[in-house]
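Colleague: I am new to reading protein structures. Could you walk me through this one, step by step?

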Amino acid sequence: MLFCDLIGLMKELGSKASLSPSDKSAIEYWYREALGRTFVRTSCGDCYRDAAIEIYSYLKKNGKMKEKSNYALKNGVVLQMGFGSNEMYTNANLTDETAEKYLAKFPGNVKFFSKYPKNWKERVKKRTSPKPKEEEGKAEVTESEE
């Protein structure tokens, strides 16, 4: 489905008075694909319409679907970049870059992740390795102990 068609579909579904089972299935699917979250049905009759409007709003605002991350936190986990830091991360705002930056500081806390690549240590090392600046000549690189 084309991006503009998806926006149109969500606008249409968000304004419908009554949704069919196939409409509801489409909303659940696109909620997961566009927002990267699992749709949670509630007892409220408007939850599907609300989800369609949420998808529509997100797509219009950002112009793209949420990027998929190779990392996911366990349920209820909130990452803080360090003591006293105001940087907080959940699955809603976690990116590969953020996860790898966090794991560079706290490698033992990989236990808080429910999903991570097998080569996460190499990815962290590659992301955090200093890059030599051409104008300064060769930079000395020291390897940190694991």
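Predicted model: local features only at pLDDT ≥ 70, side-chain atom pairs only at ≥ 80, totals over all residues.

Colleague: Glad to start! How many helices and strands does the protein have, and what pattern do they follow along the sequence?

Modeller: Let's begin with the count: the secondary structure comes to five helices and four strands. Now read them along the sequence, and the pattern of the protein is α-α-α-β-β-β-α-β-α.

Colleague: What share of the residues is buried?

Modeller: A residue counts as buried when its relative accessible area is under 20%. The protein has 146 residues, and the buried share of them is 30%.

Colleague: Among contacts between residues at least 6 apart in sequence, what share joins residues at least 24 apart?

Modeller: Here we look at pairs of residues in contact that are at least 6 apart in sequence. Of these contacts, the share joining residues at least 24 apart is 53%.

Colleague: Let's turn to the helices. At what angle do α2 and α3 pack?

Modeller: Two packed helices are described by the angle between their axes and the distance between the axes. Helix α2 covers residues 21-35 and helix α3 covers residues 47-62. Their axes lie 10 Å apart, the crossing is left-handed, and the angle is about 35°.

Colleague: Which residues of α3 does α2 meet, and how many residues of the contact are nonpolar?

Modeller: From α2 come Lys24, Ile27, Glu28, Trp30, Tyr31, Ala34 and Leu35. They meet Tyr48, Ala51, Ala52, Glu54, Ile55, Tyr58 and Leu59 in α3. Sorted by type, the contact of α2 with α3 has three charged residues, no polar ones, and a nonpolar count of 11.

Colleague: And α1 with α3: how do their axes cross?

Modeller: The crossing of α1 with α3 is left-handed. The axes come within 8 Å, and the angle of the crossing is roughly 145°.

Colleague: Which residues make that contact, and how many of them are nonpolar?

Modeller: On the α1 side are Phe3, Leu6, Ile7, Met10, Lys11, Leu13 and Gly14. On the α3 side are Arg49, Ala52, Ile53, Ile55, Tyr56, Leu59 and Lys60.

Colleague: Is Met10 buried or exposed?

Modeller: Met10 sits in helix α1. Leaving aside neighbours within four places in sequence, Met10 is in contact with Trp30, Ala52, Ile55 and Tyr56. Because its relative accessible area is 1%, Met10 is buried.

Colleague: Why does Glu100 count as buried?

Modeller: Glu100 is found in helix α4, residues 96-105. Not counting residues up to four places away in sequence, Glu100 touches Tyr71, Arg123, Val124 and Arg127. The reason Glu100 counts as buried is its relative accessibility of 2%.

Colleague: What about Thr98, buried or exposed?

Modeller: Thr98 is also placed in helix α4. Beyond residues up to four places away in sequence, Thr98 touches Met81 and Tyr89. With a relative accessible area of 11%, Thr98 is buried.

Colleague: And Lys68, buried or exposed?

Modeller: The place of Lys68 is in the loop between α3 and β1. Its C-alpha atom is 8.8 Å from that of Glu33, although the two are 35 residues apart along the chain. Since its relative accessibility is 60%, Lys68 counts as exposed.

Colleague: Last one: how many disulfides are there?

Modeller: A disulfide is a covalent bond between the sulfur atoms of two cysteines. The cut-off used here is 2.5 Å between the sulfur atoms. The closest cysteine sulfur to that of Cys44 is in Cys47, and the two are 5.9 Å apart, so they are too far for a bond. The number of disulfides by this rule is zero.

Note on methods: Residues numbered from 1 in each chain as written. Heavy atoms only, no water. Axes fitted to C-alpha atoms, helices over the stretch in contact; angles between N-to-C directions. Helix = DSSP H or I, 4+ residues; strand = E, 2+ residues; numbered from the N terminus. Left-handed = near helix turned anticlockwise from the far one by under 90°. Contact = heavy atoms within 4.5 Å. Nonpolar A, V, L, I, M, F, W, Y, C, P; charged D, E, K, R; others polar. Buried < 20%, exposed > 50% of the residue type's maximum accessible area, 1.4 Å probe, protein only.
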